[in-house]
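Dear colleague,

I am passing on a structure to you, and I would be glad if you kept it open beside this message while you read. My notes on it follow below.

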Amino acid sequence: MGEPDREDVALLQELYSTGLLVGLLVDEELEKAGVSQHLFSFLGWVTALQPVTPGALSAETGLPPTTVRDYVRRLVERGDVRKVANPADGRSYHLVLTPKGQRVATRGWPAVVEAFKRVARHLERPAAEHVVAMRELRSAVKGAIAESDPRNTRHERATR
């Protein structure tokens with residue numbers, strides 16, 4: 001593969017900006033629904049992957065382990081998630097939603113659906129085609145990050 005041109009490299013800016021815009025849109029809909037935006041997306045990952053270890057959440061979201069631990073602490077304190085022993089490894093734990101966390105996720109889901117409907121009205125292709133492309137891109141970005149030395153803490157410092 002030769003040197004990418006500016007249009008190819010613009011992909012990263014588009015991904016970054018799209019993520020920010022999605023956050024704004026979903027936050028707007030959550031606010032209308034009276035659901036706290038604080039850690040809602042992270043709670044969504046727990047909802048989708050539960051029972052899930054903090055390490056798996058870190059790998060899936062790209063968040064550094066220290067940030068995941070902080071988010072987990074906050075969600076446990078709020079009563080949205082609880083820790084359960086990991087049967088495969090007595091030293092670690094899984095996270096699962098509490099009934100309160102499930103209510104938050106359930107109350108917030110219609111806001112996510114409404115945000116999607118607003119976007120879908122402007123799509124030129126079926127959403128499923130975009131999902132396939134985004135999963136491919138997400139996998140590629142995770143692969144690029146994995147090429148780094150795992151002892152490199154620059155990523156962790158940059159996300160604090």
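In which helix does Leu-30 lie? Before answering, please bear in mind that this is a predicted model. Leu-30 belongs to helix α1, which covers residues 6-33. Because its relative accessibility is 1%, Leu-30 counts as buried, the cut-off for that word being under 20%. If we set aside residues up to four places away in sequence, Leu-30 touches Val-35, Gln-37 and Phe-40, and also Gly-108 and Ala-111. Val-52, by comparison, is 22 residues from Leu-30 in sequence, and the C-alpha atoms of the two are 24 Å apart in space.

The next part concerns two strands. Strand β1, residues 81-85, and strand β2, residues 93-97, run antiparallel and are joined by five bridges, with Val-81 standing opposite Leu-97 of β2. Four of the five residues in β2 are buried, so that this strand is mostly covered.

The side chain of Asp-80 makes a polar contact of 3.1 Å with the side chain of Lys-100. Leaving out neighbours within four places in sequence, the residues in contact with Asp-80 include Leu-43 and Leu-75, as well as Val-96 and Leu-97, and Leu-97 is the residue that stands opposite Val-81.

With best wishes

Terms used
Residues are numbered from 1 along each chain as its sequence is written. This is a predicted model: local features need pLDDT of at least 70, side-chain atom pairs count only at pLDDT 80 or more; totals for chains, interfaces and linings use all residues. Side-chain values use heavy atoms; hydrogens and water are left out. Buried means under 20% relative accessible area, exposed over 50%, partly exposed in between (1.4 Å probe, protein chains only). Two strands pair if DSSP finds at least two bridges between them. A polar contact is a pair of N or O atoms within 3.5 Å; within protein, one must be able to donate a hydrogen and the other to accept it, and residues adjacent in sequence count only if both atoms are side-chain atoms. Contact means heavy atoms within 4.5 Å.
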